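Okay, thanks for coming, everyone.

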Amino acid sequence: MTLDILIFWIVLSLNYVLLATGLTLTVSIMRIVNLAHGNFYMAGAYVFLVFFYQAKLPYGIALLLSILCVGGLGMLTEAKLYRPLGGRIEPSIVCMSGVLLVLEGIAILIFGPDIRGLPRLLTGTITIGKTVVNIERISVAALALLIITGLFYFLKYTKLGKSIRATAQDREAASLMGINANLISSLSMGIGTALAVIAGIQITAVYHLSPFVGIGALGTSILIITLGGMGSIIGALIAAFIIGFCDSFGAAIIGRYHHLLSFGTVMLILLLRPLGLLGIPFIEVRGKGK
Amino acid sequence: MKMNRLAQWVIAILILGFFAFAHTFLPNRWQHICIMWAIWSIAGIGWLVILRVGEFSCGQAAFLCIGGYSASVAMLKFDCPFWLALLLGAALCSIIALIVGVVILRLRGLYFLVITFVFAEIVRLTIAATDYLGASEGLWGMSIPKNIGLITFSTKQGWLYLFIFLLMITCFAFWRVEKSRIGRIYSYIGTSPDLAQSFGIYFMKYKVQAFVMSAFFTGLVGAAMAVYLGAIGPEGFTFYYSLVAQIVAILGGVGSLVWGPLLGSFLYTIFDEYLVYVPGARSLIMGMLLISVIFFLPEGLISLQRKFLKRRE
């Protein structure tokens, strides 16, 4: 019983990690929560559906193409819609709500509001001790682990990753050092969206896909990045495991009210640490650049 | 917004007169549109008052939801009369807003925004998990209120009167707030919080005040809406409803506390009513409207009249 929940906890948390790192990466550069993140996740899954079923491409190529398509869309959105607003919170959030609604509307218009299933990468079960685990859940977790390690390596050791971190720290100073901050913004949005797409294809294959799954995903990832501190990837990693704990062990103990438990945990930690576990204090941009 | 005071009174009286006789000549569907207009106007005004103190709320659906559910429960399980249930819904909303507000208003900017979003989602999910509140199926069968004199609630007449009355109270309350000392303090806090603090204004008090006020009126209209529609379910109160509250305010213009949402919700309700047959078109068009308003008319539709007047001079 406990082993069951333990495995469920780890798998669920790794899914959450996959969901939330993309968002926290864009937050660290743009200083604004991308409300359309969840709907890019949904859009990625639908684009994958088209490539896989309509165009009958093999799984890997369909995955790559949908990442490129939706990632490109994310970069375009950043460059054409978010950047001209100059990083002010209110108009950018309104603009993101607009993008969210547009994506949702297009998905409903093309695919209809019904629930669909996605193809699964692997099927079958494996047995650990006495517990039976779906292999696809394990594969999602393994993929999440792989991607997180890759992302950490990219951010820590490559030149591009270093310039992303520099821009996240101080945009102006980074520009003075010859980093093209606008390009970095687009790029980080692209990477964030691509991570959302991977998460979307993997997670909706385990659960289900409808045009409305984006909001739920956004809610979970927002809860995680708020707890971990906005813009901190390691914080998101820790927070994903805490929220995953509430949603697995909490659900096993108090049943259907586990959402209240995770919300309560976040509220408690925010009371003690208003910037989250590892949050970086943002310089607020308000009423500037009008 | 510099609008002639006389013009404001004329428009207000015209709206009132229109509502007083609307049930005699308007088709049923347009009476419904009028009622929805009043509902969304109140929700939009409620959202805007939080923006006035400098915070961007993404969780107005939570208050609509709490108000609606508490009124429905009071009427269905405790046989409360309608009017008491209405007040109960608003009161419960204010109490919850007070408790939650004291905690979350300590957060600023992005953190407040995302926490209100999460709060609304949690309220919805918790209600969907509670069997007492009808779980995911919701509650229905609230009895319509008794007639008052000649006003009947079995037709739309009574509802029109009720909602215009609620709208009138809300507008009057917030119009008074905007003109008073408190309103000026709100806009100080909203525009330059550090300066306001250096003048010795105690932030939290006013922020919580604005938050609770917004919750009270949003809860009131949520309660009335649940009884008017006759049913309430958790699917209704997704993030889209929170968005609608901000859409109406932003379309109309955030410069004026009352007139902006009134204008914006007029546009929204008409779109909403006629696009409901094409699933998806509503979200698409609303999204495009929002983006274009932010880029081309950042002060909302209400700034059009000023531009028009300026051109004539």
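So, burial first: of the 290 residues in chain A, 50% are buried, where buried means 20 or more other C-beta atoms within 10 Å of the residue's own, exposed means 12 or fewer, partly exposed is in between, and C-beta atoms are placed from the backbone. Keep in mind that this is a predicted model, where local features need pLDDT of at least 70 and side-chain atom pairs count only at pLDDT 80 or more, while totals for chains, interfaces and linings use all residues. On labels, residues are numbered from 1 along each chain as its sequence is written, and chains are lettered from A and ligands numbered from 1 in the order in which they are written.

How many helices and strands does chain A have? Eleven helices and two strands, taken as DSSP runs numbered from the N terminus (helices are H or I, at least four residues; strands are E, at least two). Along the sequence the order is α-α-α-α-β-β-α-α-α-α-α-α-α. Chain A has a radius of gyration of 19 Å, close to the 19 Å from the globule rule for 290 residues, so it is as compact as a globular protein of that length. That radius is over C-alpha atoms, and the rule is 2.2 Å times the number of residues to the power 0.38.

In chain A, helix α3 (residues 59–82) is highest at 91, and strand β2 (residues 131–134) is lowest, at a mean of 74. Over residues 283–290 of chain A, pLDDT stays under 50.

Now the interface. Contact here means C-beta atoms, placed from the backbone, within 7 Å. Chain A puts in 37 residues and chain B 34. On the chain B side, α5(B) gives the largest share, eleven residues. That side splits into 25 nonpolar, seven polar and two charged; nonpolar is Ala, Val, Leu, Ile, Met, Phe, Trp, Tyr, Cys and Pro, charged is Asp, Glu, Lys and Arg, and polar is the others, Gly among them.

Phe239(B) counts as buried because it has 25 C-beta neighbours inside 10 Å. Leaving out residues up to four places away in sequence, Phe239(B) touches Ile215(A), Ala61(B), Phe117(B) and Ala120(B).

How values were computed: Contact = placed C-beta atoms within 7 Å. pLDDT = per-residue confidence, 0-100.
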